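Student: I would like to go through the terms used for this structure and see what each one rests on. Please show it first.

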Amino acid sequence: MAFNYEYYLRMDKMPHMWCPGCGIGIVVKAMLRAIDKMGWSKDDVAVVSGIGCTSRTPGYVDFNTLHTTHGRALTFATGLKLARPDKHVIVISGDGDAAAIGGNHFLHACRRNIDLTLIVVNNYIYGMTGGQASPTTPFGARASTAPYGAVDSPLDISRVAIAAGASYVARGTVAQGFMLEKFIYNGFKHKGFAVIEAMSTCPIQYGRRNKLSDPVQLLKWVKEHGVPAKKAEKMSPEELEGKFITGELHNQERVEYTEEYELVRQRAQEAAGAR
Amino acid sequence: MDKKIQLWEGNHLVAEAAIRAGCRFFAGYPITPSSEVAEYMAWKLPQVGGTFIQMEDEIASMGAIIGASLAGVKSMTATSGPGFSLKQENLGFACIAEIPVVILNVMRGGPSTGLPTHPSQMDVMQARWGTHGDHWIIAIAPAYMDEIFRGTVRAFNLAEKYRVPVIILLDEILGHMHEGYEIPDDFEIIDRAKPDVPPEEYFPYDDSKGDVPPLAPFFTGYRYNVTGLNHDKSGFPTTNPELIQRDMERQRRKLYANLDDILWYDEYKLDDAEIGLVAFGSMGRSAQVAVDLAREQGIKAGLFRPITLWPFPEEKVQQLAEQVDTILVPEMNLGQLILEVERCVHGKANVEGVNKVGGLPIEPPEILEAIKARI
Ligand SMILES: Cc1ncc(C[n+]2csc(CCOP(=O)(O)OP(=O)(O)O)c2C)c(N)n1
């Protein structure tokens, strides 16, 4: 039987605002299938975002949804999760949202290891505001604020996540939607902070400026630039230049924040009782 | 029953009052002179089953308390100066999305890092207009221990009742001063209205039954959207001019049509006053002593002390202007509250400031001198 996406979508809010050829829909569909696989009730799920094209997701999905300020989604999600540790809080962000303005919150969310799932839709550009350079724009690539090519070196979001302490990190591409679904599902199952980076496509804002304006061509580009982790082990740094490594990059058991805080409560109450 | 008078520091009393008002979530970032609130919360909240978290900055703290409040948990943060500036972004979110939260700002000298360990009253206008865009907000500025306690409880009650962020303004003097105080038990606690309709009939911004629509906590079967964009009654973004006009007017009206409930002030020896003082917070206390000093010398001075600073009790100040020829406004800045007083007085009395910004309070004799210079 075909998957019933409409059950999870707010069909009265359609049509959505994403452009033809955009990768966000593929990620949202993977997320919905993974939620379905978990068997979670819609009432028990919150989807939180910042600002950007990706961050418009909450409006269209039928959960408890929270569209916050640019870069700050993880901070709102932190409050939500600490208030209700028994519920499922998912954050969805663009690359600018997560790694530029939200970069500091991202680092600290990784470090705290709260049981949240962060899905980053990385399209190497600021989609919503008109194609300005983002922290993941490849070196030399064109953007509306990098008309002669980007001078900044891009940030590897997944590597930063691992370094900062995220306990589950996986990277996939929108050319492989079912692999994304698997990563998101494993992220949901993981107890701790999970980061799923989805390498995506923005033909209008990124493709058009970088000789990749055809959505299929851009999709192919994304797929070809992804190197599975196993294969990457055998490749030299030169060969990996400009590529990104895909797969489950990190999976570690680590103390989860809300569980640890429950122990803090017990210690505090014992100390108060002893006085 | 024996009295339980304890020595309280202003900052600790805010924290204790918040817990008694039902606050169970605190997110903060250390900053002088407000850090004692975070420390108290870190110690006490887990004892009562609540949650304390130290965030990476004030932007994050503000986001976290909004998130927790949306889950139905009364939440607050505390900060000062530079931190209050960082709160403003998400404070605006709490305004437009109408999420109850409480923010304590213990004022220190500014701008920028300014005077971290000394008092000021320089955030009068920032408390009202700190975040961008049209918005309506409540700010409470207590002056005495009992007002700090009851003002904090009141801040939570007003936040819950009107779905609005409420700011408590202390200054370094009040935050760090220790005084004897007995915690009362004769206070009311108000919780936000919950929907009385089934989920399919619920809209988080539905104005058909009043200006403050009930707010369903997340995860209770009412699945809806919350956004910082202008929105329709379902919480979904809109650019419809009529809907936005109507929603913004409602957000203003929900406070300004309820001033009788929201406004709180004190009048001291105003009945026969011939010269008026308008002052708040710690400088309200200084001014009250100055009134007594003036009266000892046969000068009929009186004090109007707003405790709700925003919305400003403008009718009261208008009445004062009908009664006296001169109004003095002592404040620890170079003229902020005075702008609002002048607006209300509208030329009907002579309004003059008594100002100090070096980090020292304006002492009662200084205010007395200012009074004597005008008669
Ligand atoms: C504080 C703040 N600064 C800037 C903006 C403008 N802005 C909106 S979305 C955006 C970037 C979006 O890019 P990204 O996060 O990569 O998401 P995408 O739209 O590509 O999905 C910016 C800069 C804003 N809304 N708020």
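Student: What makes up the domain assignment of chain B?
Tutor: The model is a predicted one. For chain B the assignment gives domain 1 (5–182), domain 2 (199–260) and domain 3 (265–372). The bounds come from an automatic or database domain assignment. Between the centres of domain 2 and domain 3 of chain B, taken over C-alpha atoms, there are 39 Å.

Student: What is the strand order in the open sheet of five strands in chain B?
Tutor: The order is E11-E13-E12-E15-E16 (chain B), and the pairing is mixed.

Student: Why are strand E11 and strand E16 of chain B said to stand at the edges?
Tutor: Strand E11 (265–268) and strand E16 (350–355) of chain B each have a single partner strand, so one side of each has no neighbour in the sheet. From one strand to the next, the twist averages 20 degrees.

Student: How do you know that strand E15 and E16 of chain B pair?
Tutor: Pairing requires at least two bridges. Six bridges join E15(B), residues 326–331, to E16(B), and the two run parallel. As one example, Glu331(B) has Asn355(B) in E16(B) as its bridge partner.

Student: Which strands does helix H10 of chain B touch?
Tutor: H10(B), residues 281–296, packs on the sheet and touches E11, E12, E13 and E15 of chain B. The direction of H10(B) makes about 165 degrees with that of E13(B). Angles over 145 degrees count as roughly antiparallel, so H10(B) at about 165 degrees to E13(B) falls in that class.

Student: Why is helix H11 of chain B called roughly perpendicular to H12(B)?
Tutor: H11(B) and H12(B) pack at an angle of about 65 degrees, with axes 8 Å apart. The class covers 65 to 115 degrees, so H11(B) is roughly perpendicular to H12(B). The crossing of H11(B) past H12(B) is right-handed.

Student: Which residues of H11(B) and H12(B) meet?
Tutor: Glu314(B), Val317(B), Gln318(B) and Ala321(B) of H11(B) meet Val341(B), Cys344(B) and Val345(B) of H12(B). The residues of this contact comprise five nonpolar, one polar and one charged.

Student: How many residues does each chain give to the contact of chain B with chain A?
Tutor: Chain B gives 35 residues and chain A gives 35 residues. On the side of chain B, H3(B) supplies the largest share, nine residues. That side divides into 20 nonpolar, eleven polar and four charged residues.

Student: What makes strand E2 of chain A and E10(B) a pair?
Tutor: At least two bridges are needed, and E2(A), residues 64–67, and E10(B) have three, in the parallel sense. Leu66(A) stands opposite Val226(B) in E10(B).

Methods. Residues numbered from 1 in each chain as written. Chains lettered and ligands numbered in written order. Predicted model: local features only at pLDDT ≥ 70, side-chain atom pairs only at ≥ 80, totals over all residues. Helix = DSSP H or I, 4+ residues; strand = E, 2+ residues; numbered from the N terminus. Axes fitted to C-alpha atoms, helices over the stretch in contact; angles between N-to-C directions. Contact = placed C-beta atoms within 7 Å. Parallel < 35°, antiparallel > 145°, perpendicular 65-115°, else oblique. Left-handed = near helix turned anticlockwise from the far one by under 90°. Nonpolar A, V, L, I, M, F, W, Y, C, P; charged D, E, K, R; others polar.
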